[in-house]
Amino acid sequence: MASALINVPARAKRGEIIEVKTLISHPMETGYRRSQLGALIPRDIIRLFVCTYNGTEVFRAELHPAIAANPFIVFSTVATESGTLAFRWTGDKGFSVAESVAITVA
Amino acid sequence: MKRRTSRRRFLLTAGGAAAGFGLASVLQVTPARATPAAMQEAISKVVGPAHVNTGRVKLELPPLVENGNAVPLTVSVESPMSESDHVRAIHVFTEKNPQPDVASFHLGPRAGRASVATRIRLADTQTVLAICELSDGSFWSGSGPVVVTLAACLEEP
């Protein structure tokens, strides 16, 4: 099963810019490779990554096969209020993983 | 000063040229390879009729990559990221991957800093291009060259 690693500071000052690092295990099969028998291996990638901060979307990424296996995405956001950062990865073959992290803003 | 061509030098040059030709002919028959034209098409799909200015976008890529399967890439844009002046999106394209699109990142004023990082696949030595869309509707681009010794997509990871 897919597992995600998320690195967000647990505490932040109000207005501080925090860096969010996410890593998820996924093969990101490009759809251009062939098996040993010569058959094309079907594409299997994560197509969309969305981060919401207390329900408001703050970051979205549309991914293509050129993203390396186990997509690693780093972005930043402003710590506005205490709450949760929710992450969702969706992709081919019904792939969907959701994770959330709590953050305390003082 | 006149330099005499030694036998060793001649053979090295001739061998290199032959290898170059061989490689070129192999590359020509490889299917599923985007061309700069395909990249232009992908860009125009995103940008539309707008003009793309050069500058403001900075790409951080290693100059020499041993393995094209995971190339660290950081794209940053000079922007105050305020409500009235921020980066709306950053799009990344490649010239020679099977598909020109790499990723599209959508940000807003809440990002605080216009900088994203990820790891990408590169099929060949090429130029990676990033285009950002600002809140005023203008587009800016930046690019970075990379030399790849082991290509992604074709070899086993």
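Six strands line up as one open sheet in this predicted model, in the order β1(A)-β3(A)-β6(A)-β7(B)-β4(B)-β2(B), with antiparallel pairing. Strands here are DSSP runs of E with at least two residues, helices are runs of H or I with at least four, and both are numbered from the N terminus. Two strands pair if DSSP finds at least two bridges between them. At the edges sit β1 (4–7) of chain A and β2 (57–60) of chain B, each pairing on one side only. From one strand to the next the twist averages 15°, with axes taken as lines fitted to C-alpha atoms and angles running from 0 to 180 degrees between N-to-C directions.

A bit of bookkeeping first. Residues are numbered from 1 along each chain as its sequence is written, while chains are lettered from A and ligands numbered from 1 in the order in which they are written. Because the model is predicted, local features need pLDDT of at least 70 and side-chain atom pairs count only at pLDDT 80 or more, whereas totals for chains, interfaces and linings use all residues.

Strand β6 (residues 72–78) of chain A runs antiparallel to β7(B), and two bridges join them. I73(A) has T118(B) as its bridge partner in β7(B). Counting contacts (C-beta atoms, placed from the backbone, within 7 Å), 28 residues of chain B touch 24 residues of chain A. On the chain B side, β6 (101–106) and β7 (115–120) each supply at least two of the residues that touch chain A. By class, that side has 13 nonpolar, 10 polar and five charged residues. Nonpolar covers Ala, Val, Leu, Ile, Met, Phe, Trp, Tyr, Cys and Pro, charged covers Asp, Glu, Lys and Arg, and the others, Gly among them, go down as polar.

Is L73(B) buried or exposed? L73(B) counts as buried because 23 C-beta neighbours fall inside 10 Å. The cut-offs are 20 or more other C-beta atoms within 10 Å for buried, 12 or fewer for exposed, and partly exposed in between, with C-beta atoms placed from the backbone. Leaving aside neighbours within four places in sequence, L73(B) is in contact with L59(B), L61(B), A117(B), T118(B), R119(B), I120(B) and V128(B). L73(B) and R121(B) lie 48 residues apart in sequence, with C-alpha atoms 10.0 Å apart.

Here are the two chains, item by item:

| Chain | Elements | Buried residues |
|---|---|---|
| A | zero helices, eight strands | 29% of 106 residues |
| B | two helices, nine strands | 34% of 157 residues |

The C-alpha trace of chain A spans about 60 × 20 × 20 Å along its principal axes. In chain B, the elements run α-α-β-β-β-β-β-β-β-β-β from the N terminus on. Helix α2 (residues 36–47) of chain B has 12 residues and reaches 16 Å from first C-alpha to last, close to the expected 16 Å; the expectation is 1.5 Å times one less than the number of residues. G48(B) follows α2(B), with a positive phi near 75°.

Terms used
Two residues are in contact if their C-beta atoms, placed from the backbone, lie within 7 Å.
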